[in-house]
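Thanks for coming. I have one model to go through this morning, so please have it open while I talk.

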Amino acid sequence: MDTRSSKAPVYFCPMHSDVREPGPGKCPKCGMSLLPEGTRFAIIRHMISNPVHLGIMATVMLAVMAAAMIMMMRVPPPFPQ
Ligand SMILES: [Zn+2]
């Protein structure tokens, strides 16, 4: 049975939500394989299977953690003078 509707599936890059293609292919920004829309677990598999995306994730996480630590050190005590 054909469950497809008249609307074709959209493929996207999990790292670039603005990259959307009407079919499977490569992201023009990072070169990773595009994923069909609505596949959450496939995104995780995609992340794990692509060292470039893992590197991007690790870099972003480290940057966020460093920024949070700097902000915590700079924030004054929460009581007024
Ligand atoms: Zn991408």
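I'll start with helix 2, residues 51-74, which has 24 residues and reaches 34 Å from its first C-alpha to its last. That is close to the 34 Å expected at 1.5 Å a residue, where the expected span is 1.5 Å times one less than the number of residues. Helices here are DSSP runs of H or I with at least four residues, strands are runs of E with at least two, and both are numbered from the N terminus.

This is a predicted model: local features need pLDDT of at least 70, side-chain atom pairs count only at pLDDT 80 or more, and totals for chains, interfaces and linings use all residues. Residues are numbered from 1 along each chain as its sequence is written.

On confidence, pLDDT is the predictor's own score for each residue, from 0 to 100. The chain averages 81, and 80% of the residues score at least 70. Where pLDDT is low, the predicted coordinates should not be read in detail.

Now the overall layout. The chain has two helices and three strands, and along the sequence the pattern is β-β-β-α-α.

How much of the chain is buried? Buried residues make up 5% of the 81 residues. Buried means 20 or more other C-beta atoms within 10 Å of the residue's own, exposed means 12 or fewer, and partly exposed is in between, with C-beta atoms placed from the backbone. In helix 2 the number of buried residues is zero out of 24, so the helix lies largely in the open.

Val-52 is a residue of helix 2. It is exposed, because 12 other C-beta atoms lie within 10 Å. Leaving out residues up to four places away in sequence, Val-52 touches Cys-30 and Met-32; contact means C-beta atoms, placed from the backbone, within 7 Å. Val-52 and Gly-31 are 21 residues apart in sequence and 9.5 Å apart in space, C-alpha to C-alpha.

The three strands form an open sheet in the order 2-1-3, with antiparallel pairing. The edge strands, each pairing on one side only, are strand 2 (16-21) and strand 3 (35-36). Two strands count as paired if DSSP finds at least two bridges between them. Strand 1, residues 11-13, pairs with strand 2 in the antiparallel sense over three bridges. These two strands form a hairpin with two residues between them, and Cys-13 stands opposite His-16 in strand 2. Of the six residues of strand 2, zero are buried, so strand 2 also lies largely in the open.

Last, Pro-9, in the segment before strand 1. Is Pro-9 exposed or partly exposed? It is partly exposed, because 13 other C-beta atoms lie within 10 Å. Its contacts, setting aside neighbours within four places in sequence, are Pro-36 and Glu-37. Pro-9 and Gly-38 are 29 residues apart in sequence and 9.3 Å apart in space, C-alpha to C-alpha. For the chain, 20% of contacts between residues at least 6 apart in sequence join residues at least 24 apart.

Methods: Two residues are in contact if their C-beta atoms, placed from the backbone, lie within 7 Å.
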